[in-house]
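Please have a look at the structure before I go on.

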Amino acid sequence: MFAGTHTAIVTPFRNGQLDEEALKKIVDFQFDNGVSGVVPCGTTGESPTLDYDEHEQVVKLTVEFAKGRGIVMAGTGSNSTREAIELTQEAEAAGANASLQVAPYYNKPTPEGLYQHFKAIADNTKLPIMLYSIPGRCGIEIGLDVLVRLAESCPNIRAIKEAGGNPERVSQMKQVLPADFEILSGDDGLTLPFMSVGGVGIVSVAANLIPKQISDMVNLALKGDYAGALGIHQQYYPLFAAFLKLATNPIPIKTAMSLAGHCTDELRLPMVPMEAAKVEELRATLVKLGLV
């Protein structure tokens, strides 16, 4: 279901409010350039600083703007199980096609608590669910034993976005999970390593800016043309690296989107604009790649 490129889209703001016009342009830009789906209200979409009404509005508008051209996988995770269920049900009612469920951050639940959290969400929605393991942000990893239990007991938990930075974990998951349980990279620079050992795509930050290039790279890899995919990876690796080193996501991608004219670079505290010297470093990378 999830093979391909899914863009974790930024949430554009203007004067502190959601910029609906820019959001429409971003969604159109994604589907006009061949992505498989978009992910509103993920970390890249500044979900921690969206209030409940804004979260619901971003999902609803994204579904409206997508017009059935691909998957809308709403980020509806939370460190409160009850809130995650409510957000997921709202997204389902709004017409989302799937849900992205991040591991509960800060709480650091036990493996049993983690299992019960995701199972409760799955039991309260008909949406297909992609789990999201990102220990660097959440403080915990979704362990293999928990994954196996969830795959066995929750038919609608279908995939995982793996952002632990270790391709070996893909191999480990392929050994113990059902063959149809899909694994996607959560890091643009690791997309090809992940796919070479069984991953089926990417939930991408860089695709906000270069959706066609990321989609082409992933589609080539899915067809077994790793030489062609590697050429695209190598060309745009400086951009992947810049996004990682210059500042915390989504600061660099939102700055890049602003430089390319897609939206403002407005962020919400505690995220702050990139320092001027780093903006110029990013601009130089974009110019070199012909993106501005």
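In this predicted model, the largest pocket has a volume of about 650 Å³, and 29 residues line it, with T43, S47, P48, G77 and Y105 lying nearest its centre. The elements that contribute two or more residues to that lining are α2 (52-66), α3 (81-94), β6 (98-102) and α5 (135-138). By residue class, the lining of the largest pocket divides into 15 nonpolar, 9 polar and 5 charged residues.

The second largest pocket holds about 520 Å³ of space, and of the 28 residues that line it, G186, D187, V205, L244 and N249 lie nearest its centre. Here the elements giving two or more residues are α5, β10 (201-204), α10 (226-246) and α11 (251-259), and α10 gives the most, with 5 residues. The lining of this second largest pocket comprises 16 nonpolar, 8 polar and 4 charged residues.

Let me turn now to the strand. Why can we call β7 largely enclosed by the rest of the structure? Because 5 of the 5 residues of β7, residues 129-133, are buried. I129, L131 and S133 point one way from β7, while M130 and Y132 point the other way, and all are buried.

As for its partners, β7 runs parallel to β6, joined by 4 bridges, and L131 in β7 is the bridge partner of Q101. Together with helix α4, residues 111-123, β6 and β7 form a right-handed β-α-β unit. β7 also runs parallel to strand β8, residues 157-162, through 5 bridges, with Y132 standing opposite K161 in β8.

Note on methods
Residues are numbered from 1 along each chain as its sequence is written. This is a predicted model: local features need pLDDT of at least 70, side-chain atom pairs count only at pLDDT 80 or more; totals for chains, interfaces and linings use all residues. Side-chain values use heavy atoms; hydrogens and water are left out. On a 1 Å grid over the protein atoms alone, a cavity is a set of points where a 1.4 Å probe fits but cannot get out, and a pocket is an open set with protein on both sides within 12 Å along at least five of seven lines; lining residues have an atom within 4 Å of a point. Grid points are joined across faces, edges and corners, and a volume is the space filled by probe spheres set on the points. Ala, Val, Leu, Ile, Met, Phe, Trp, Tyr, Cys and Pro count as nonpolar, Asp, Glu, Lys and Arg as charged, and the others, Gly among them, as polar. Buried means under 20% relative accessible area, exposed over 50%, partly exposed in between (1.4 Å probe, protein chains only). Two strands pair if DSSP finds at least two bridges between them. A crossover is right-handed if, with the strands pointing away from the viewer, the path from the first strand over the helix to the second runs clockwise.
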